[in-house]
Amino acid sequence: MQLAWSLLLGLWLPCCLAQTTPSNAATRTPTRTPTRTPTRTPSSLSTPSASVQSQTAQLKVRLSGYPRKHNEGRVELFHQGEWGTICDDDFSIHNANVLCRHLGFVSATGWTHSAKYGKGQGKIWLDNVQCNGGEKSIELCKSRGWGNSDCTHDEDAGVVCKDERIPGFVDSNVIETQADENKIEEVRLRPVVAMSRRKLPITEGVVEVRHRDGWAQICDLGWTIKNTHVVCGMLGFPHERKVNKNFYKLYLERQKNHFRIHSVACSGTEVHLAACPLEFSKANATSACRGGTAAVVSCMPGPLFMQSNGMKKKTRTSSNVRLKGGARVGEGRVEVLKDNEWGTVCDDRWNLQSASVVCRELGFGSAKEALTGGRMGQGMGPIYMNEVKCLGQEKSIWNCPFKNITSEDCQHVEDAAVRCNVPHMGLEDSETWYWDSSNVTEMILSGVKCTGREMSLSQCQHHKALSCQKAAVKFAAGVICSDTTSDLVLDAPLVQQTVYIEDRPLHMLYCAAEEDCLSKSAAKANWPYGHRRLLRFSSQIHNIGRADFKPKAGRHSWVWHACHGHYHSMDIFTHYDLMSANGSRVAEGHKASFCLEDSDCHEGVSKRYECANFGDQGITVGCWDLYRHDIDCQWIDITDVRPGNYILQIVINPNQEVSESDFTNNAMKCNCKYDGHRVWLHNCHIGDAFSEEAERRFEKYPGQLNNHIP
């Protein structure tokens, strides 16, 4: 009997324990059947136990790293007496919401991966965290368990919280005073030469860090060129140069310095001084830099920020990399040139080191942000790179290890982008306000023509002598600014695939003639007899920008066309032109916005605009508007065109009535061959898809690169 009871206890006790103890694999169900039921998929994730849930109020969370604001940073958890990080594997906005609420913010607006705020130290406490979003604490979410991780600190996760506090929240989870004391957020160069103080950007001076309500210096003992490289990068400069130490030594010996940092040991690849090993001066030290003086650096600005035109010509940025779709200088989707055609970079393993190589290559400083998920809009061409792994010291992104990809590896929704550090130019101070023109008392500029690349309005072309009358207040210009806007691009291959010629009877073209879709000679035709020869094709117009494309005019001013039975929200939405080899126009057409709507969208994007029943018109981000080849005015009237070789050009939003982040990709061009009976299109491409050299070879004549047609 004793042996029987022992056997029963041996079988029964583990079963009971399995019902109350969390497991990394599976648990036994509390029934009499011996069947095992897995708790989740994958089985390596664990659910917190009741004892852990009762201790959630004790978990401390803080935001750390650089550069950051108070509501963002690298996530760190205090567990078992030690601060540690969270791996970004399986991280999501749900995890970020839980963490932000734990910190007293109402919600999260985003999250970051790949140690955007710098690499943490110590333990990586959690990995493969999967929250539903409603948990009270991150430790109540599924994960691999405390301390169980296969990650490195290169994969530290961060969050961006909405800058709005939860009403009545008491525990602010503020980082300890000691940690706050030794953080470096703001760095500047203090010029000592009077002439340098008046010129921007400031490229040389004493390195100073913000400390309390003032500024403090860094001791130059052991200072290296690598430290200078990091400081210049974070201040928006791609390169460093030698400094006259003897001059500064004489100056600094007469100054009273307050040294905050005793020594710096950067490797040269850091994107911020705070990422370097730093030794802070002790509070009670009387002389924190014995035998040394304040650190001084001199930086080389990129061509865009050089004051000398001669230096700009000598220093040129890379022609193999560019940024597209950004709202500000130094930001945008990364595009690289290969075989004379531009393509994008996939965001797998995209991080600050790779982004910094791109930024410096383009004449900016180190990267402020490495953006993923098509945050600066989606490209349309090929994707050339994946899993770029720069170390940080490479001269070009093409020198970094990367993988060639196939269409299965990446889509344009994963296009990588950057925000680079740019020099302070004081422009955010030369502030413009927009108000009702009735109180305008003076005009200061007229005839302003900008390319869009200028740093300020004063750098644009304008009349030397003001041509506006003071009384003409109705001519006062105004703007409405936005961080995001649309970007329309035509599907060039579709035009090439769908082109054909139709001889259409005149009696079927009355509506088209009313909307001025035929050439001028049509007015002299013997209506309704005869026909017109039409070059037909389909147009599929994508919005790859960051905001919806909507007509400038409100629906109250749309024009009803009874002939076609629809409203026109834009008088001219597209220009169609057939041009000869010398650039002259031999035939033309135009397309009013018959109906701007979402014909179809990428997976996961919902249609917003539909013309039926006087609905809203526009094109949603990630959607496209398709004008089929068989609808009216989707053509060029080539009745009077002789056989020969031509260039077909299509320009969307030709009058630039609606804001776009990039107008250089609004034109599409094709080589066109017409033998009098048939037509062929080849080399159809978007206006900025080729290199300048390839574009010149395509056109073989000037005047088309800027889309200005004589």
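How many disulfides does the count come to? In this predicted model, the count comes to 13 disulfides. A disulfide is a covalent bond between the sulfur atoms of two cysteines.

Cysteine 232 is joined to cysteine 299, with an S to S distance of 2.0 Å. The pair connects distant parts of the chain, from helix H6 (residues 225-234) to strand E15 (residues 296-300), 67 residues apart. The angle about the S-S bond is -85 degrees, which makes the link left-handed. Cysteine 232 counts as buried because its relative accessibility is 0%, and cysteine 299 is buried at 0% as well.

The disulfide of cysteine 346 and cysteine 410 has an S to S distance of 1.7 Å and is left-handed, at -70 degrees. Cysteine 346 sits in the loop between strands E18 and E20's counterpart region is again a loop, between strand E20 (383-385) and strand E21 (417-420). Both cysteine 346 and cysteine 410 are buried.Put plainly, cysteine 346 lies in the loop between strand E18 (341-345) and helix H9 (352-361), and cysteine 410 in the loop between strand E20 and strand E21.

Cysteine 517 and cysteine 633 form a disulfide at 1.8 Å; this link is right-handed, with 95 degrees about the S-S bond. Cysteine 517 is in the loop between helix H11 and strand E24, and cysteine 633 in the loop between strand E31 and strand E32, so the pair ties together parts 116 residues apart in sequence. Cysteine 672, by contrast, is in no disulfide: the nearest cysteine sulfur, that of cysteine 670, is 8.2 Å away.

Strand E31 also belongs to an open antiparallel sheet of four strands, in the order E22-E25-E31-E30. Its edge strands are E22 (488-490) and E30 (600-601). E22 pairs with E25 (residues 539-543) over three bridges, and valine 489 has histidine 542 in E25 as its bridge partner.

Methods: Residues numbered from 1 in each chain as written. Predicted model: local features only at pLDDT ≥ 70, side-chain atom pairs only at ≥ 80, totals over all residues. Heavy atoms only, no water. Pairing = 2+ DSSP bridges. Helix = DSSP H or I, 4+ residues; strand = E, 2+ residues; numbered from the N terminus. Disulfide = S-S within 2.5 Å. Buried < 20%, exposed > 50% of the residue type's maximum accessible area, 1.4 Å probe, protein only.
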